[in-house]
Amino acid sequence: MQELVLKGRDIGFRYGSNYILDKCSFDIYKGDFSVITGPNGSGKSTLLKICLGLLKQQEGTVELFGKPIEKYSDWKNIGYMPQRVEAFNTRFPATVEEVVKAPLYSGSAFFSTNKKAINNIVEKSLSSVGMGDYKKRLIGRLSVGQQQRVFIAKALANNPAIIFMDEPTAGIDNKSEKEFYDLLYSLNRVEGITIIMVTHDYADVESMANRVFCLSNGTIDEKCEEVVRK
Ligand SMILES: Nc1ncnc2c1ncn2[C@@H]1O[C@H](COP(=O)(O)OP(=O)(O)OP(=O)(O)O)[C@@H](O)[C@H]1O
Ligand SMILES: [Mg+2]
């Protein structure tokens, strides 16, 4: 039996009187590489935020690793890369290293971890996105694509079981995008990390994804007739 890691049931959401999602249900299993596509404004980012407990749905339920999202607390297991990293306050006076480190201190599992171990984790995750040499640079002085990579590193740093990404390659050049997809592919296939990625570039990830969902007019539909599961 495949392990169910994310379960959405009849999710309904509105901003004020503006209905965004209606009766959205889905099951994501361990090891799935899931892609969510859909037109601008269809509610993809909203849905991710609901799955992470950052927004509260008015109807329905979300369970992460078998726990209602309201009660979920093991956040080190979850990586999240929000959309529009370029909207990040570029005057924020933090170095690359500090940005990646920030969540590692707050995660309870890392309270006892010594400084050296944390530095190793930061080093490893920055190297994996090709930003190892930028540790001491101010985040606000990097290009959008470089900032994007730093936030990918941040999402990877806790060695999460599942990573949510909201249009992670927006603003990245083709070569970096290819490298990024290779990295995601190995994280998924080799490390077994479950991936949930919102993207408009479905064609680029088609070969990697085993689940494709399309969100439109408030409802979510699985695109593939045949679900390939590893
Ligand atoms: N904070 C908010 N308050 C009110 N309405 C919002 C808010 N955030 C988003 N919306 C509206 O909700 C709808 C869904 O937005 P969402 O950001 O989830 O779409 P999306 O599918 O991620 O779009 P995109 O492809 O452009 O990223 C849009 O119509 C948007 O205008
Ligand atoms: Mg969005």
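Why does Gln148 count as buried? In this predicted model, in which local features need pLDDT of at least 70, side-chain atom pairs count only at pLDDT 80 or more, and totals for chains, interfaces and linings use all residues, Gln148 counts as buried because it has 25 C-beta neighbours inside 10 Å. A residue is termed buried if 20 or more other C-beta atoms lie within 10 Å of its own, exposed if 12 or fewer do, and partly exposed in between, with C-beta atoms placed from the backbone. Residues are numbered from 1 along each chain as its sequence is written, while chains are lettered from A and ligands numbered from 1 in the order in which they are written.

Gln148 has its place in helix H4, and although Gln148 and Gln83 are 65 residues apart in sequence, their C-alpha atoms are 9.6 Å apart in space. Gln83 is in turn one of the residues that surround ligand 1, where a residue is taken as near a molecule or strand if its C-beta atom, placed from the backbone, lies within 6 Å of it. The shell also includes Tyr15, Asn18, Ile20, Gly38 and the run Asn40, Gly41, Ser42, Gly43, Lys44, Ser45 and Thr46. By class, the shell divides into two nonpolar residues (Ala, Val, Leu, Ile, Met, Phe, Trp, Tyr, Cys and Pro), one charged residue (Asp, Glu, Lys and Arg) and nine polar residues (the others, Gly among them).

Strand S2 (18-29) and helix H1 (44-51) each supply at least two residues of this shell, and H1 gives the most, with three; helices (H or I, at least four residues) and strands (E, at least two) are DSSP runs, numbered from the N terminus. H1 is mostly covered, seven of its eight residues being buried, namely Lys44, Thr46, Leu47, Leu48, Lys49, Ile50 and Cys51. Just after H1, Gly53 adopts a positive phi of about 75°.

For the protein chain as a whole, six helices and 10 strands are assigned, and 34% of its 230 residues count as buried. Among contacts (C-beta atoms, placed from the backbone, within 7 Å) between residues at least 6 apart in sequence, 71% join residues at least 24 apart.

With residues up to four places away in sequence left aside, Ala153 touches Val100, Ser125, Leu126, Ser128, Val129 and Met131.

Key:
Contact = placed C-beta atoms within 7 Å.
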